[in-house]
Amino acid sequence: MATTRKSIAEQVLRIVNGGDISDDSPISLREVMVLVDQERDSLIKRDIMDRTYTKSTTTATGELEITGDWLSKFNLPVVGNSYATLKTTPINLPNDVGIFRVSSSDPGYTKQKILVSVDTGVSTPNTTQEKFTIDFSVGPKILRPKYHISFTFNDGSEDKQISLHINTTKYNDSFYNGVNVINAIINNSAFQNFLDLYDLTARVINSSVSDDTGAILDIRGLYEFTISEFKIDGGESASSNHGFTYVVTNAANFSQSNVSDTSLSVTLNGIAYILSYSEEDYLSVSGADVTQNFVSKFSAKIAQEQNISVTNSSADLFFEEIEAEGGFVWDAQGLGEIELTTGTTTSADMTAKFYETRIYTRMPSGGPVNALYDRTVTSSGRRFWYIEGNSLYLYKNKEALSHVDVWLIASSASLGDIDDYPVPADYKKQIITNLVQLFRVMREAEQDMINDNI
Amino acid sequence: MSKAQFVTLDEVIQSLLVEEGKNSEHEYLRYFNLGLKGLKELAFDVSKNIRTVQLELNDVSSVVLPPDYVKYTRISVTDSSGILNTLGRENNMTLLEGAKRTTSISDTLDPPTFSYGMWSNYGQGGGNNVNGYYRENHDAGTIEFSDMKAGTTVVLEYISDGSTGLSGEEIKIHSFAEEALSAYIYWKSIYRKRAINMNEKMLAEKNYYNQKRLARARIQSFNKEEALQTTRKAFKQSPKL
């Protein structure tokens, strides 16, 4: 429930009266509400000034910081493109900080909205991976600290000579050096780079041939490849150069019926946002899943970069301007299995072309032509506001403007009894405590109970 | 123009406000004013904001200075090869309005009446300039020329204050001097405040001069090839005896 002035006042009154509020209570609710206002205003001012100017206290950060929990927002009409009358006087603070932010109101231009429906999702991949194994059965009794491993890798189109210098000093835990040498290969940084480069994975598995003494280096990929001429220190298997015996097998069992590289590509103002399903680390993905995945991955990024909100509802993706700026250029493509239907829900509003929210910066009050700052205002290229009484003036504004949005620390008295009453949670308790204390002092004062008409 | 090479004054101020822990721009205008001053300081000493313009001599052989002009670094004319030929400074040129300036005060252009035939330049003395002469006229905001015809195009290279005639995003500073400008604005923003202790002010001042020194060192840095080119300028061919 939102905090209101009335709710705080009622709480105070209940405490002061020790329970329900009776009709003959010497303190009225209206009286307490006035005190709540005064207490809130004084707390705000004290808090902000303490943070900024008080020295030698732990709460003094020396920063003139206005926290958002005190702020209220008002939408005010602008008279003659020149000034707006504040509905409430802001709290008096240095540098007119009581008025926190001023900007032009949303003029209500139509926002472009497009729809991308994902009709077909992605099916479960059923690829049988290509596999290469090297089964080490026998190894030398003593492992050398370094070996030179070389082999020829064919990625389906051309041969590549791969050469690794492996260091075995950290990988000699096993009694059997065939196992140790596989561990050294698999942890070698150059070998890992090779796997990354060619989208391969590698692991060590138990040897079926020599279960107790050997192991198998298993390399897999989602395309046809072969590895040949595997040599250690220039020697083949069982060479006296190194003492290892191994069997090399290219399984040649790659098969694929489903497309394993599917993506949804949406291009907005020339920048492509691509949701890919390509590493086969997924199961079946429905159209609704695709849209949710796209929102999870890109909605924050697109909102920041493009001023476009991305939302989804089942298999529909919606792209809509956050602030109408005359539309955006878009294209959506489903690559692989994904199939799309696209359409425009709302066309771009050309009136909004080149529009952007005008932000006004504070300047000291100095009348319609500020002799002190006029030249600086011109140099800065910004728009400015200044305050005089309860009027907020837009300095030398000649642009057509119907309304401004103003965020300010409104004085409490200006807020309605049941209006949202901006008070941080911990300050609510402080207001109540202070007022209860005040009433206690009041009640302790002796009363003249005899009405003698004097 | 490279985006990374320059930062706008607006960006410098916003970054400083964030650095100071302020969450509003209520002091923006004051900071902007200080920033313009700082920009000039750095333009004179560090970033040496040199601009080049081509100006045409008017009927009274003068050119009007650009609005952001602070001081010239070179005044020249371009020859047919595109090479700049520097003009000579003439402090004796009259700046009185309407005074007739000789069409030639150069001994080179107009030698003394006596002639030595093929040795006509003999005894003439140095310090002359065949291209013409100039003198700055601060009162009129012009540069006056002599020995040059109206309509002649001169090339003026000058130090700009970096801000006059510009506004908003056009006011920029080299990225190397960004921290120096930020330090200047902060120092000046507390400099006249009685509530700020002297220690803080002195630290801010020291930081500014340190940042200025760093900026100057970065801007004036050169690479190996430039160093070699400079040293090789002294190499000349000469007959071997």
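Which residues form a negative surface patch in chain A? The patch is formed by A:Asp196, A:Asp199, A:Asp261, A:Glu279 and A:Asp281, and the legends below begin with a view of it. This is a predicted model, in which local features need pLDDT of at least 70 and side-chain atom pairs count only at pLDDT 80 or more, while totals for chains, interfaces and linings use all residues. Residues are numbered from 1 along each chain as its sequence is written, chains are lettered from A and ligands numbered from 1 in the order in which they are written, and side-chain values use heavy atoms, with hydrogens and water left out.

View 1. A:Glu279, one of the residues that form the patch with A:Asp196, A:Asp199, A:Asp261 and A:Asp281, lies in the loop between strand 13 (271–277) and helix 5 (287–306) of chain A. Patches are made of residues with over 30% relative accessible area and no salt bridge, like charges being joined within 9 Å and nonpolar side chains (Val, Leu, Ile, Met, Phe, Trp, Tyr) within 5 Å. Asp and Glu count as negative and Lys and Arg as positive, whereas His and the chain ends are not counted; the place of a charge is taken as NZ of Lys, CZ of Arg, CG of Asp or CD of Glu.

**View 2. Chain B as a whole.** The secondary structure of chain B comes to five helices and 10 strands, where helices (H or I, at least four residues) and strands (E, at least two) are DSSP runs numbered from the N terminus. Of the 241 residues in chain B, 37% are buried, a word that stands for under 20% relative accessible area, with exposed meaning over 50% and partly exposed in between (1.4 Å probe, protein chains only). Among the contacts in chain B with a separation of 6 or more, 73% are between residues 24 or more positions apart, contact meaning heavy atoms within 4.5 Å. Chain B exposes about 15000 Å², and carbon and sulfur atoms supply 51% of this area; accessible areas come from the Shrake-Rupley method with a 1.4 Å probe, and for residues only the protein chains shown count as cover.

**View 3. The surroundings of B:Val7.** B:Val7 lies in strand 1 (residues 6–8) of chain B and is buried, with a relative accessible area of 14%. Leaving aside neighbours within four places in sequence, B:Val7 is in contact with B:Val12, B:Ile171, B:Lys172, B:Ile173, B:Ser175 and B:Glu178. B:Asp161 is 154 residues from B:Val7 in sequence, and the two are 16 Å apart in space, C-alpha to C-alpha.

View 4. The structure holds 19 salt bridges over all chains, each being a side-chain nitrogen of Lys or Arg within 4 Å of a carboxyl oxygen of Asp or Glu. In one of them the side chains of A:Asp233 and A:Arg144 meet at 2.6 Å, N to O. A:Asp233 lies in the loop between strand 10 (226–232) and strand 11 (245–250) and A:Arg144 in the loop between strand 5 (130–138) and strand 6 (146–154), so the pair ties together parts of chain A that are 89 residues apart in sequence. A:Asp233 counts as partly exposed at 25% relative accessibility, and A:Arg144 counts as partly exposed at 35%. Apart from neighbours within four places in sequence, A:Arg144 is in contact with A:Thr168, A:Asp233, A:Asn241 and A:His242.

View 5. A:Arg382 forms a salt bridge with B:Asp10, the closest N and O atoms being 3.0 Å apart. Because A:Arg382 lies in the loop between helix 6 (374–380) and strand 19 (383–388) of chain A and B:Asp10 in helix 1 (residues 9–19) of chain B, the pair joins two chains. B:Asp10 counts as buried, at 13% relative accessibility.

View 6. The side chains of B:Lys22 and B:Glu27 meet in a salt bridge (3.0 Å, N to O); B:Lys22 is buried, with a relative accessible area of 19%, and B:Glu27 is buried, with 11%. Salt bridges that share partners join B:Glu20, B:Lys22, B:Glu27 and B:Arg30 into one network.

View 7. Most residues other than glycine have a negative phi. A:Asn307, although not a glycine, has a positive phi of about 60°; A:Asn307 lies in the loop between helix 5 and strand 14 (308–313) of chain A and is buried, with a relative accessible area of 17%. B:Ser61, also not a glycine, has a positive phi of about 55°.
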